[in-house]
Amino acid sequence: MELKDLYRDVILDHNRHPRNFGRLDPANASAVGHNPLCGDRLALSLRLNGERLEDIRFEGKGCAISTASASLMSEAVKGKDRGAIRRLFEQVHALLTRQDAVAGSELGKLAALSGVREYPARVKCASLCWHTLNAALEHSGDTVSTETTESAADAMDAHRLRVLGEP
Ligand code: ZN
């Protein structure tokens, strides 16, 4: 099996069976992310204990890449401290944006995202969850968008409608 086939299988698996999907209750940090170019929406809820991210859940609706990326991220960051999460984010960002970036062993399954850089339009789908996580870690409750800013209330309303199955 070629590496790119393995990577594709990891993405498909995490899209079909997202890990850590849902809402954390109680949570002490959260953020909403939106990628208007693709329509991906994501809400993260976190339980932080000091510097350590004890638990994380995500919910929302998006394309296969955004769902798989959030699922892979949730597995990778759970139990890590802020410093380790920041380093992981920098590596994922390089992997997604630099053709010459090599996936280090510490990336684990996140290496599967390296295929996304062949499709520049999808890079934001894969990075949305990381930007949302940054927002949750630094300014809990913020809304981040890959394109424009919008109020957290608008994003949460849209998110709620999506969850309820309304248009
Ligand atoms: Zn997308």
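This tour goes through one predicted model, stop by stop.

**Before you start**

Residues are numbered from 1 along each chain, as its sequence is written. Because the model is predicted, local features need pLDDT of at least 70 and side-chain atom pairs count only at pLDDT 80 or more, while totals for chains, interfaces and linings use all residues. Helices (H or I, at least four residues) and strands (E, at least two) are DSSP runs, numbered from the N terminus.

**Stop 1: helix H2**

Select residues 64–77. This is helix H2, with 14 residues. The expected span of a helix is 1.5 Å times one less than its number of residues. For H2 that gives 20 Å, and its end C-alpha atoms are 20 Å apart, which agrees.

Is H2 enclosed or open? Twelve of its 14 residues are buried, so H2 is largely enclosed by the rest of the structure. A residue is buried if 20 or more other C-beta atoms lie within 10 Å of its own, exposed if 12 or fewer, and partly exposed in between; C-beta atoms are placed from the backbone. Among the buried residues are Ile 65, Ser 69, Met 73 and Val 77.

Now show what covers them. The cover includes helix H1 (3–16), helix H3 (82–97) and helix H4 (123–138). Strands E1 (29–35), E2 (40–49) and E3 (52–61) are also part of the cover. Then click Gly 79, which follows H2; its phi is positive, near 90°.

**Stop 2: H1 against H2**

The axes of H1 and H2 come within 8 Å and cross at roughly 85°. That makes H1 roughly perpendicular to H2 (65 to 115 degrees; under 35 is roughly parallel, over 145 roughly antiparallel, the rest oblique). Axes are lines fitted to C-alpha atoms, for helices over the stretch in contact, and angles run from 0 to 180 degrees between N-to-C directions. In H1, select Ile 11, His 14 and Asn 15; they meet H2 residues including Ile 65, Ala 68 and Leu 72. Two residues are in contact if their C-beta atoms, placed from the backbone, lie within 7 Å.

**Stop 3**

Go to the loop between H1 and E1. Asn 20 lies here. Its phi is near 60°, a positive value in a residue other than glycine. With 19 C-beta neighbours inside 10 Å, Asn 20 counts as partly exposed. Pro 26 is in this loop too. A cis peptide bond joins Asp 25 and Pro 26, with omega about 5°.

**Stop 4: the sheet**

Select the four strands of the open sheet. Their order is E3-E2-E1-E4, with mixed pairing. Strands pair if DSSP finds at least two bridges between them. The edge strands are E3 and E4 (143–145), and each pairs on one side only. The twist averages 20° from one strand to the next. H4 packs on this sheet, touching E1, E2, E3 and E4. The direction of H4 makes about 150° with that of E1. E1 and E4 pair in the parallel sense over three bridges. Find Gly 33 opposite Val 144 in E4.

**Stop 5: the core**

Which residues have the most contacts inside the largest nonpolar core? They are Leu 42, Leu 44, Met 73, Val 77, Leu 113 and Cys 129, in a core of 37 residues. H4 supplies the largest share, eight residues. A nonpolar core is a set of buried Ala, Val, Leu, Ile, Met, Phe, Trp, Tyr and Cys residues joined through C-beta atoms within 7 Å.

**Last stop: Arg 117**

Select Arg 117, in the loop between H3 and H4. Arg 117 and Arg 98 are 19 residues apart in sequence and 7.6 Å apart in space, C-alpha to C-alpha.
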